[in-house]
Amino acid sequence: MSGRIVHGGGIGAAAALYGGRPEDWLDLSTGLNPCPPALPAIPDRIWHRLPDQDLLNETRHAARTFYGTSDILPLPVPGTQSVIQLLPRLADRERRAAILSPTYGEYGRVLSASGLTVDAVATLNDVDPGSGLVVVVNPNNPTGRLHAPADLLSLADQLAGQGGFFVVDEAFGDCTPETSLAGAVSTRPNLIVFRSFGKFFGLAGLRLGFVIAQDGILERFADWLGPWAVSGPALSVANDLLSADPQPLRRKIADRRAGLGQVLADADLRVEGGTPLFALVTDPRAAELHTHLCRAHILTRKFDYAPTWLRFGLSPDPVSDQWLAAALATWSKG
């Protein structure tokens with residue numbers, strides 16, 4: 001699992017292969033909010049100075065309120081991928097790791113490449129309580145599988161009994177805050193929660209995420225990342241948006257998800273799973289459908305390990321829904 005993984009978002013490469021300008025394509029390959037909020041103004045001084053401690057502290061307090069982390073101050077990081085890369089430093093190399101699979105491929109790639117023995121397990125019950133590190137993405141990418149907090153906390157407690165760390169990646173959890181474990185971190189020293197800023201707010205280019213864990217773990221991640229890991233402009237934007245009411249964004253995402261669901265239903269495509277930010281379709285001709293949509297300048301996400309899967313992200317508006325519907329209608333007739 002050490003080879004490079006192809007992710008969504010390769011619109012430039014798709015345009016080079018199938019024609020057109022990247023900006024004229026409909027990119028449904030990523031699970032991002034396609035209707036981001038207006039960017040807040042960034043004071044000039046923030047561009048001219050290194051991020052100072054006051055700005056960092058303000059953002060951490062805003063994140064604490066937004067994520068509901070009780071007395072824990074989440075640590076801003078330059079995208080959750082940055083801390084996935086650091087997980088091997090946290091793991092006990094004498095013990096096995098486990099990843100609830102299939103899921104976001106970077107976990108398996110990074111842990112395996114570091115020399116750890118990694119078990120890909122299908123259910124929570126398949127996790128060996130003696131594992132040194134366990135990863136669960138909840139809601140899962142790309143299946144949308146969602147585990148109840150009580151079941152995850154039960155596993156966290158089992159692992160704690162033998163000194164194992166439990167990482168719960170909630171990158172797609174902002175639309176379902178009631179399922180988050182962020183508020184439970186203060187009572188469980190082995191629990192680590194990752195949150196993504198870019199997906200819910202539609203600002204992936206900001207490269208920002210948060211780690212929620214007890215102070216000892218946060219201090220280790222902060223030390224490994226080094227000073228000024230997150231830019232001042234990113235902290236400033238996050239501080240403002242995390243302090244705003246998230247409900248309008250949730251309603252807009254729900255509207256766009258309903259639009260996508262209707263288009264897929266009208267095309268008689270089988271939706272296997274998903275989250276508020278994407279739908280996972282299963283079809284025996286998924287690879288052909290992916291190519292057909294590329295010819296219509298619509299990019300979806302296919303999976304080399306699951307050739308019958310195709311993930312559809314949200315479109316920004318009803319006009320784009322109609323674009324997708326027209327392309328699927330052509331496919332249906334083919």
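Asn-57 is found in helix α3, where helices are DSSP runs of H or I of at least four residues and strands are runs of E of at least two, numbered from the N terminus. The model is predicted, so that local features need pLDDT of at least 70 and side-chain atom pairs count only at pLDDT 80 or more, while totals for chains, interfaces and linings use all residues. Residues are numbered from 1 along each chain as its sequence is written, and side-chain values use heavy atoms, with hydrogens and water left out.

Asn-57 counts as partly exposed because its relative accessibility is 27%; buried means under 20% relative accessible area, exposed over 50%, and partly exposed in between (1.4 Å probe, protein chains only). The C-alpha atom of Asn-57 is separated by 26 Å from that of Thr-179, 122 residues apart along the chain.

The 15 residues of α3 should span 21 Å at 1.5 Å a residue, and this agrees with its end C-alpha atoms, which are 21 Å apart; the expected span is 1.5 Å times one less than the number of residues. Buried residues of α3 are Leu-55, Thr-59, Arg-60, Ala-62, Ala-63, Phe-66 and Tyr-67. These cover an arc of only 165° around the axis, which puts them on the same side of α3; the arc is that of the directions from the helix axis to the C-beta atoms. Asp-54 and Thr-65, on the other side of α3, are exposed. Gly-68 follows α3 and has a positive phi, near 65°.

Helix α7 (residues 149-160) has 12 residues, which should span 16 Å at 1.5 Å a residue, in agreement with end C-alpha atoms 16 Å apart. Its buried residues are Leu-152, Leu-153, Leu-155, Ala-156 and Leu-159. Seen down the axis of α7, they fall within an arc of 160° and so line one face of the helix. Their cover includes β5 (133-137), β6 (165-169) and β7 (191-196).

The second largest pocket has a volume of about 250 Å³. Of the 14 residues that line this pocket, the closest to its centre are Leu-56, Gly-226, Pro-227, Trp-228 and Ala-229. Two or more lining residues are given by each of α3 (53-67), β2 (75-77) and α9 (215-225). A pocket is an open set of points on a 1 Å grid over the protein atoms alone, where a 1.4 Å probe fits, with protein on both sides within 12 Å along at least five of seven lines; lining residues have an atom within 4 Å of a point. Grid points are joined across faces, edges and corners, and the volume is the space filled by probe spheres set on the points.

How values were computed
Contact means heavy atoms within 4.5 Å.
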